[in-house]
Amino acid sequence: MSQDRGVIIAGAAETDAVGKLPNHSTLQLHIEAAVNAVADAGLAMRDIDGVATVNAPGPVQVAHALGITPRWMDGTGVGGTSFLLHVRHAAAAIRAGYATTVLITHGESGRSRVGASPFPRGGSSMPGQFEAPYGTTGPTSTFTIPVLRYMKEYGLTHEQLAYVAVAQRKWAAQNPRAMFRDLMTVEDVLASRMVAYPFHLLECCLVTDGGGALIVAAADRAADFPKPAVHVLGTGEAMETPMISQMVDFTESEAFRQAGLAAFAEAGITTADVRHLMIYDAFAHVPIYGVEALGFVAKGEAGAFIAEGNTEPGGRLPLNTNGGGLSYTHTGMYGMFAIQEGVRQVRGEASAQVPDADISVILGNGGMFATSGVLVLGRAGR
Amino acid sequence: MTKAIPQPTPETQPFWDGCARGELMLQRCLACGKPYFYPRPICPACGSTDIEWFTASGQATLYSYVINHRPAPGFEDQGPYAIAVVELAEGPRMMTNIVGVPNTPEDLVLDMALQVTFEQRGEISLPVFAPVGEQQ
């Protein structure tokens, strides 16, 4: 693919604050993030001719609130990875000529639930008939079910699972915006309240309010924007199952693997090229599944790899350098924040900046291992 | 609060009718022979719509689980409870609860042998599983 067909992230910003924001509605969070991202790209709102976000509130509500009428829209809503898919879809739309300047927004009053939609619960849906009657209570009691099988098959220990949260807290300690910044030990994690055995509270993500937005444009416009271009070198998307009980193999995510293969192939990279990695971490086991699905280590080795310090500050594979959903912030659909940190690292403006972060990979999860998106971001175009 | 009750739909009605008779019904593809779950009018393995219902053995093994400490509505009074996925002898897996045994890590051992039993939930009989020899 020639350089002039390349696509960049030209603007990226989060809401002014993340955490507890009881005075912000869901829509306000979208608007604040959009305004910040448009300013980051040196644009005016009227320059936006494509918009993508998740329902609710959805692209029509967001665009209307911003006073724009884009000629391209994407309402893909397949969980927390949706924003990675929006980047992929925006890249295709820009290459096709359907839009030139796409705004992708996320805003979620996940903690305060101001102006937020209720969680849908239909007793006649397939999950309503075949999962909810058994007392599921959302992600804490479903996303978590596979890990005991993984522990039996591959010998992952409770201490190794806890260490995922310990390692990410070391990154969060360097991020002034992180909700939890105090260093902790494996013993602290294992002593925290049991949520859904084998998961303790500190192995589960935060629930916060916040938002973020991105501007995607053609790479041949890179010089028009004030910030260093972040090239979208490769993208992938994949799906597996709407119900955790129907996941093919509880010890691996085929959706993670397929999305990663597509993104790495398009970018023409291998794991050896990756200097920075973000893996959606709703729970402590998800980075373990992600590191293995992307091929950084062999099956069954990720727990030990993380426990040996390879992914924490000073390690050879910096992972979840904002502190992740476990320590930084997690509004419910965390994928936007993983992209934001990838952009900051490639630009060289992260709080816990990694040296030479010229290639960053972001792995998103949607639902309970239901969907996945992967982005390969780079400082230089292809 | 009461526990969630499944609301059958046309394609799942034979499954719930089977539960009411004390039978665990699965579907099987007549083209490729593979049994599958959850109920739907197309074989997920080969795409054939030439399918039939049959009565499964009700035998299963424990594939994985969590023990939930934040109860769903209606589950408040029973203490932490396992939300499990079992692998049926015929191959498909399904979510369920485990009865007839304390829901503790020590008592719930992966791959232990289980047998279906049924729990009344409103008008619905809900399939749950008990260790072999412990059926209610």
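**Sheet, chain A.** I traced the sheet of chain A and found nine strands in an open arrangement, ordered β3-β2-β4-β7-β1-β8-β11-β10-β9, with mixed pairing. At the edges I noted β3 (72–74) and β9 (276–279) of chain A, each of which pairs on one side only. From one strand to the next I get an average twist of 25°. I am working from a predicted model throughout.

I looked up how β9(A) is held to strand β10 (residues 359–366) of chain A: four bridges join them, and the two run parallel. For A:H276 I recorded A:S360 in β10(A) as the bridge partner. As a reminder to myself, strands of a sheet pair through backbone hydrogen bonds, and the pairing is either parallel or antiparallel.

**Helices on the sheet.** I then checked two helices that pack on this sheet. Helix α1 (residues 26–40) of chain A touches β1 (7–14), β4 (101–109) and β7 (209–218) of chain A. I note about 145° between the direction of α1 and that of β4(A). Helix α8 (residues 254–267) of chain A touches β8 (230–239), β10 and β11 (371–378) of chain A. Its direction makes about 150° with that of β8(A).

**Helix α6(A).** I tested the length of helix α6 (residues 158–172) of chain A. At 1.5 Å a residue, its 15 residues should span 21 Å; I find the end C-alpha atoms 22 Å apart, which agrees. How many of its 15 residues are buried? I count 13 as buried, so α6(A) is largely enclosed by the rest of the structure.

**Chain B, make-up.** I moved on to chain B and listed one helix and eight strands.

**Chain B, dimensions.** I compared the radius of gyration with the globule rule: 136 residues in a compact globule would give a value near 14 Å, and chain B has 15 Å, which agrees. Along its principal axes I have the C-alpha trace spanning about 45 × 30 × 25 Å. Of the 136 residues, 35% count as buried. I also looked at contacts in chain B with a separation of 6 or more: residues 24 or more positions apart account for 50% of them.

**Confidence.** For chain B I wrote down a mean pLDDT of 96, with 98% of its residues at 70 or more. For the model I have ipTM 0.97 and pTM 0.97.

Methods: Residues are numbered from 1 along each chain as its sequence is written. Chains are lettered from A and ligands numbered from 1 in the order in which they are written. This is a predicted model: local features need pLDDT of at least 70, side-chain atom pairs count only at pLDDT 80 or more; totals for chains, interfaces and linings use all residues. The expected span of a helix is 1.5 Å times one less than its number of residues. A residue is buried if 20 or more other C-beta atoms lie within 10 Å of its own, exposed if 12 or fewer, and partly exposed in between; C-beta atoms are placed from the backbone. Two strands pair if DSSP finds at least two bridges between them. Axes are lines fitted to C-alpha atoms, for helices over the stretch in contact, and angles run from 0 to 180 degrees between N-to-C directions. Two residues are in contact if their C-beta atoms, placed from the backbone, lie within 7 Å. pLDDT is the predictor's confidence in each residue, from 0 to 100. The radius of gyration is taken over C-alpha atoms; the globule rule is 2.2 Å times the number of residues to the power 0.38.
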